[in-house]
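I am opening a notebook on a structure that is new to me. I will look up a few residues and then the ligand.

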Amino acid sequence: MANTILIGAQWGDEGKGKIIDVLTAQRDIVVRSQGGNNAGHTVIHRGTTYILHLIPSGILRRGKVCVIGNGVVIDPVALVAEIEGLRKLGIAIGKNLLISDCAHLVLPYHRLLDEQRELGKGRAKIGTTKRGIGPAYGDKAARTGLRISDLMQPALFTKKLQAKVRENNSILQALGAQTVSFAEVNDAYLKAGATLRPFVVNTVVYLHRALQRGKEILFEGAQGTFLDIDHGTYPYVTSSNTTAGGACTGSGVPPHRMDCVLGVMKAYTTRVGEGALPTEDEDIAKMLHEMGREFGTTTGRARRCGWFDAVASRYAAMINGIDELAITNLDGLDAVDPIRICVGYRLHGKHLDVPPSDAAQLDACEPIYEEVRGWKTPTGAARKFSDLPLRARRYVRRLTELTGAKLRIVSVGPARAQTITL
Ligand code: IMP
């Protein structure tokens with residue numbers, strides 16, 4: 001599989017953290033290329049739960065180098081807290097972490113603006129993580145953002161920050177919102193910058209040299225296909241390219257160096273935040289929440305849940321060029337019978353086999369289901385595909401066939417061992 005782009009094929013929270021952790025064993029380098037600390041990857045190992053927001057999940061394995069690429073937006077204070085938290089859990093962080101000098105910064109005024117924009121939208125709110133991600137990428141696109149390279153030059157950073165705080169405080173004041181203290185932000189960010197300095201490099205050059213030496217890279221996607229700023233359910237999306245192309249732009253590694261795209265999808269569907277979810281089902285949500293599953297890693301919000309949506313997964317396979325699939329959370333359906341699979345949408349009497357681009361039209365789509373029998377047996381102890389009950393195997397094969405990619409991994413629980421590789 002060599003250089004692999006791993007992406008979420010649904011609305012995020014597909015269980016990517018665990019799959020990344022498993023695949024990292026066979027890679028040298030793991031790269032994050034988009035998003036910020038809106039992401040939350042959970043990895044459970046030897047009874048300890050590790051939650052990662054900015055640092056690639058590869059950090060948990062010795063001898064692997066983790067890179068935070070140019071496409072990521074970084075809150076340096078949050079990143080320092082994450083490094084310290086991992087160190088307290090016994091994870092060594094030193095030469096195994098590299099941060100791009102081109103990555104943009106998330107600042108406290110971005111978070112306040114994120115909150116204000118959500119309040120201003122009222123019922124039409126996006127349901128963001130309130131981590132300031134949209135406003136930070138907004139500054140990047142407007143060419144007014146501050147970058148890690150600015151933070152590495154304290155006098156320059158202070159000067160640029162002063163202007164940015166003045167500009168953003170006047171907006172916040174006009175909105176009747178809390179403003180930020182320039183002095184406090186300046187101190188906190190310079191302090192965080194000093195801690196991060198040893199990790200900061202030109203990661204593009206590092207990655208290209210590593211490729212020349214034959215190193216193998218895993219590009220770990222954050223969020224999911226339908227949260228992509230271009231291809232997702234706009235405007236109910238995040239502000240980065242969560243699809244496979246984002247791995248190239250967000251790392252500086254060109255497309256022809258990529259060998260494989262691995263799509264991760266749950267055996268059912270979930271979404272946090274607002275926006276259409278055609279297969280949403282209250283009973284499935286209730287059952288999963290009662291099992292203690294499907295609460296957000298970053299915000300703790302209960303996720304919305306529904307049946308597997310093959311219209312969406314087929315489209316995700318198209319946009320990302322998914323070669324191989326990892327199907328996660330199969331065990332979440334152990335008690336469900338019958339199980340529904342959405343194989344098409346009906347919109348105003350018309351049959352659709354691709355999702356409409358317009359958010360309101362997607363919202364109006366009615367799913368067309370096929371029904372299969374559940375296996376009603378715990379699957380968490382399965383270690384080989386043949387250990388799974390026949391109906392579970394049939395279900396997984398059906399999802400794969402409808403999506404149009406090769407089945408590579410089935411995950412039946414959060415532990416590393418609960419992973420079936422085909
Ligand atoms: P933002 O990225 O905080 O601006 O949020 C925009 C949308 O993306 C909201 O619906 C969030 O719930 C969703 N979102 C952002 N990050 C994640 C994630 O890591 N998993 C799932 N949903 C996410």
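I began with Asp139, which counts as buried because its relative accessibility is 13%; buried means under 20% relative accessible area, exposed over 50%, and partly exposed in between, with a 1.4 Å probe and protein chains only. This is a predicted model, in which local features need pLDDT of at least 70, side-chain atom pairs count only at pLDDT 80 or more, and totals for chains, interfaces and linings use all residues. I number residues from 1 along each chain as its sequence is written, and side-chain values use heavy atoms, with hydrogens and water left out.

I placed Asp139 in helix α4, residues 133-141 (helices are DSSP runs of H or I with at least four residues, strands runs of E with at least two, numbered from the N terminus). Leaving out residues up to four places away in sequence, I found Asp139 touching Tyr109, His110, Thr144, Gly145 and Lys164 (contact means heavy atoms within 4.5 Å).

Next I looked up Tyr50, in strand β4, residues 48-52. Tyr50 counts as buried because its relative accessibility is 8%. Beyond four places in sequence, its contacts include His41, Leu60 and Ile91. I also noted that the C-alpha atoms of Tyr50 and Ser149 are 29 Å apart.

Then I turned to the ligand. For Gln223, an N or O atom of the side chain is 3.3 Å from a ligand nitrogen atom.

Definitions and conventions: A polar contact is a pair of N or O atoms within 3.5 Å; within protein, one must be able to donate a hydrogen and the other to accept it, and residues adjacent in sequence count only if both atoms are side-chain atoms.
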